[in-house]
Amino acid sequence: MDFFDVIIIGGGLGGLTAGAKLSREGKRVLLLEQHSVPGGYATTFRHKEFRVEAGLHEMDGFGGGNLKQKIFTELDIFNHVKFPEIPHFYRAITQRKDVTVPHDLHAAKALLLAEFPHEAAGLDIYFGRMEQFRKYRPESEAEAFESIGGYLDRLIGDADLKLILLGNLMAFSDDPYLLSMDYYAQAQGTYYNSGSVFIEGGSQVLSDYLAGYIKSHGGEVRCRHLALEILMDSGLCSGVKFRSLRDGTDHTARTKQVIVNAALPQVATTLLPEEFGRKLMDLTSDRVPGASLYTLYLCFDRPLKEIGNPCYCTCVYGPDVNTQNDIGRNSHGRFEDKTYVLTDYSHIRSGLVAEGKGFAALVAEDYLNYWNGMTPEDYKQRKAEVTESFLSRLEQLVPGLNRHLVWYDAATARTMKRYTLNTDAAVYGFAQNPGPRSKQRISPVANLHIASAWDKFGGGFSGVVYSGYFAALEALRQERLTVR
């Protein structure tokens, strides 16, 4: 029976980062991934001459003391992966306004002050919070537990300004009143102070590099292998039982540490013995899964910017969204009216398509229960209807767009569930709701560590990288304690 210092369940960026760090420290690592490629949401797939980016739209950059700078330097990523900068933050289109927000905090503040001079006091406080996001400490419990929706209502009266400030809300939540201001400020502050980047060639480049790093340092990465059970001995993880999805055979490997890069509700109900699963459910009882996403992949016979799209990232609010109070209802409403975000990769050196071609992706909030219970035929028909509705709305945004569309396909929450196994197809793990959170360690077992969007760092590429890195540090620390 094989023995590994650490077994990692799940090959998303969290598991890959943890595996790379542990491999660097001389640990023998086994990483199990049920999909055919590593990466989770950090993957690409090919359609003819197009490399289609499955998940990444932008990742906060590396300036201003960003921890990723340290992690990526340590793992020698910068010498193997390129990160082109994104030219602006986002364009937000409300029913009355069309504003493109720069990445630079001071430039963004100046632009919005010129557009909304009557909101100078609120903008000054807001951008002061964004600038001091690492040092800021709430003055009261009520402020500490506030939502971004409530925060903006306190500071700003103009409905359009609030919507513009929330133009990239979909990267965090489906409702500003259900998103912690503290969490939002940490993430949004990083964008404003560090800018945004893409991974040249698509996110699979980073995933493949990390998988290769693990293997080159003596570890194993086994794709198409599904974890079935975490084995326990005397209250500690002692191994993992898993199945090869290639030939259906079951295997067991022993270990001193287990890291899970998987949805914690799934870990609790399917991987852990009942006693420990109940403990994990108790530790996360104050949390609920977040939303999923519908993604429409679009390939063009020329760059979309040449057809008439002026921005990299454009948020188009739904026709029924007039204030931020409407966002949550719109997220759960008809697809035909939903707010969407269009990312046009022709504005950067994406490395995804050949010269003279174009690729873009549209995303909107989605939920697994919307598609549950449909027959294959009903699902196919409804998916086509939703897609046609978005294509029609895109034609209004960029006239002539559909004449240059050579291929498209859509991924729904049902697709996300199939490829990642995430509970409720939640792309960002647990929702980052406002309110008190337990400060207890999430894991119910001393040598079981969490490296995923379901950890305290939350979702997004940076969040899971941090989670993976700290899970590796925790495993190293636990091993030293055990040796003593």
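Buried, here, means under 20% relative accessible area, with exposed over 50% and partly exposed in between, using a 1.4 Å probe and protein chains only. By that cut-off, 59% of the 484 residues of the chain are buried.

A word on the source. This is a predicted model: local features need pLDDT of at least 70, side-chain atom pairs count only at pLDDT 80 or more, and totals for chains, interfaces and linings use all residues. Residues are numbered from 1 along each chain as its sequence is written, and side-chain values use heavy atoms, leaving out hydrogens and water.

Overall build next. The chain has 17 helices and 18 strands; these are DSSP runs, helices being H or I with at least four residues, strands E with at least two, numbered from the N terminus. The radius of gyration is 22 Å, close to the 23 Å of the globule rule for 484 residues, so the chain is as compact as a globular protein of that length. That radius is taken over C-alpha atoms, and the rule is 2.2 Å times the number of residues to the power 0.38. The C-alpha trace spans about 65 × 55 × 45 Å along its principal axes.

Now the sheet. It is open, mixed in pairing, and has 7 strands in the order β7-β6-β14-β15-β16-β13-β17. Pairing takes at least two DSSP bridges between two strands. At the edges stand β7 (98-101) and β17 (405-411), each with a single partner strand, so one side of each has no neighbour in the sheet. Twist averages 15° from one strand to the next.

Strand β13 (residues 292-300) runs antiparallel to β17, joined by 6 bridges. Tyrosine 297 stands opposite aspartate 409 in β17. Helix α15 (residues 376-397) packs on the sheet, touching β13 and β17 among others, and its direction makes about 60° with that of β13. Contact means heavy atoms within 4.5 Å. Axes are lines fitted to C-alpha atoms, for helices over the stretch in contact, with angles from 0 to 180 degrees between N-to-C directions.

Last, the rings. How many aromatic pairs does a search of the whole structure find? It finds 29. Rings of Phe, Tyr and Trp (its six-membered ring) pair with centres within 6.5 Å; planes under 30 degrees apart are stacked, over 60 edge-to-face, the rest tilted. Tryptophan 371 and tyrosine 379 are both buried. They belong to one aromatic cluster, including Tyr294 and Phe390. Arginine 414 puts its charged end over the ring of tyrosine 379, 4.1 Å from the centre. The criterion is NZ of Lys or CZ of Arg within 6 Å of the ring centre and within 35 degrees of the ring normal.
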